[in-house]
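Subject: Structure for you to look at

Hello,

Here is the structure I said I would pass on. Please open it alongside this note, which goes through what was found.

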Amino acid sequence: MAFVSSCAQDAYRSARAMAPVPAKTLALMSDQGMEPGAPILMRAFKKESEIEVWKQGRDGKYALLKTYPICRWSGQLGPKIREGDRQAPEGFYEVTAAAMNPNSSLFLSFNIGFPNAFDRAHNRTGSHLMVHGACSSQGCFAMTDEAISEVYAITREAFAAGQLSFQFQSYPFRMTPENFAKHRADPHIAFWKNLKDGSDIFEVSRQSPQWSVAKGQYAFESDPAIAADIAAKRALDHRKEAELIAKGTPAIRLVYQDGGGHPSLRKLALATANNPSSAEVDERTRRSLGDISRPEALAEEPREIPAVIPPRASPDMVRR
């Protein structure tokens, strides 16, 4: 009987890994001139608790396909340093077909590839850092089962059509002048500015930034033909950031009890965790959320802590 039960479970997991891309998402691809098997790229943003899926169009450039809410990420804004610190990674990662796990205990999952060459250069440790289903995180990006099913299917089709790997860009927040003005005194600001170098290249070129590690930093390559456009974007962002600071935008640090989640899912997750039989959450949603990690931490809004800029750094803390 145990053997039959195991076979049935394996068949169920295999079936969910082969779920088709939803018809509405296929229609969206068609409307944007994207083939179902065209290459993909993903971007994650902790503060906003969102993952974007980008897909290559017929012109060879990536365009935003859909944005999915993150149900749960753990830790604080900032990079992952060591195994067990509950930090979700930040940086540029490559996901291969071998990283896809159709038999995940968290519905479906894929490993983002931490540590990468940059992390290893800084002696950072950690393993099994995933994007997965179920609203539970110990350093991962957790989505609802429904969301990971769709993302997994989109990814599966890209690999099946020949994509060897896709880039997963992970950021503390959206790389906007507003966020850089607010977080200009954070201890991680130099690292985040380095990440923005890669983000700027992607936003201008709509191509995966190629990178290496040089002098302890990400070193990004870009087409010389778009160098002027990238420089113009950076100058504009720098000017906007300086204007916001001049208008009195305070320097702050965001301190989380233990990560966060998207507002659209947070209320449902807390209702499910605090009252599993609540009529506020239907059974399908409850199954899609799974076990909620540290609901007491999810219930707490991040605290804004005033940050003091060291006097020697204050004249040049805005974007170079």
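Helix axes here are lines fitted to C-alpha atoms over the stretch in contact, and angles run from 0 to 180 degrees between N-to-C directions. Helices (H or I, at least four residues) and strands (E, at least two) are DSSP runs, numbered from the N terminus. This is a predicted model, in which local features need pLDDT of at least 70 and side-chain atom pairs count only at pLDDT 80 or more, while totals for chains, interfaces and linings use all residues. Residues are numbered from 1 along each chain as its sequence is written, and side-chain values use heavy atoms, with hydrogens and water left out.

A helix pair

Helix α6 (residues 189-205) packs against helix α7 (residues 227-246) at an angle of about 120°, and their axes are 10 Å apart. The two helices are therefore oblique to each other (under 35 degrees counts as roughly parallel, over 145 as roughly antiparallel, 65 to 115 as roughly perpendicular and the rest as oblique). The crossing of α6 over α7 is right-handed, a term for the near helix being turned clockwise from the far one by less than a right angle, left-handed being anticlockwise.

On the α6 side, K196, D197, D200, I201, E203 and V204 meet D229, I230, K233, R234 and D237 of α7 (contact means heavy atoms within 4.5 Å). By class, this contact has eight charged residues, three nonpolar ones and no polar ones. Asp, Glu, Lys and Arg count as charged, Ala, Val, Leu, Ile, Met, Phe, Trp, Tyr, Cys and Pro as nonpolar, and the others, Gly among them, as polar.

The nonpolar cores

In soluble globular proteins, nonpolar side chains tend to be buried together. A nonpolar core is taken here as a set of buried Ala, Val, Leu, Ile, Met, Phe, Trp, Tyr and Cys residues joined through side-chain atoms within 4.5 Å. Buried means under 20% relative accessible area, exposed over 50%, and partly exposed in between (1.4 Å probe, protein chains only).

The largest nonpolar core has 57 residues, of which M42, F110, V131, F141 and F168 touch the most other members. Helix α4 (residues 145-160) gives the most to this core, with eight residues. Apart from it lies another core, of eight residues, including C71, L265, L289 and I292.

F168 is in strand β10 (residues 165-171) and counts as buried, at 0% relative accessibility. Leaving aside neighbours within four places in sequence, F168 is in contact with M42, A44, G91, F92, Y93, V95, F110, I112, V131 and F141. One of these, A44, is 124 residues from F168 in sequence, yet their C-alpha atoms are 7.6 Å apart. M42, again not counting residues up to four places away, touches I51, E52, V53, F110, V151, T155, F166, Q167, F168 and Q169.

Backbone points to check

Most residues other than glycine have a negative phi, and most peptide bonds are trans. Some places here depart from that:

- The peptide bond joining F114 and P115 is cis, with omega about 0°; P115 lies in the loop between β7 (109-111) and α3 (117-121).
- F107, not a glycine, has a positive phi of about 75°. F107 sits in the loop between β6 (100-101) and β7 and is buried, at 16% relative accessible area.
- R294, also not a glycine, has a positive phi of about 40°. R294 belongs to the loop between α9 (283-289) and α10 (295-298) and is partly exposed, at 33%.

Other loop positions

What does G126 touch, not counting residues up to four places away in sequence? The list is K80, E83, F114 and P115. G126 lies in the loop between α3 and β8 (130-132) and is buried, with a relative accessible area of 13%.

H188 is in the loop between α5 (177-182) and α6 and counts as partly exposed at 26% relative accessibility. Beyond four places in sequence, H188 touches L77, G78 and P79. G78 and H188 are 110 residues apart along the chain, and their C-alpha atoms are separated by 6.4 Å.

D223 lies in the loop between β12 (217-221) and α7 and is partly exposed, at 46% relative accessible area.

Regards
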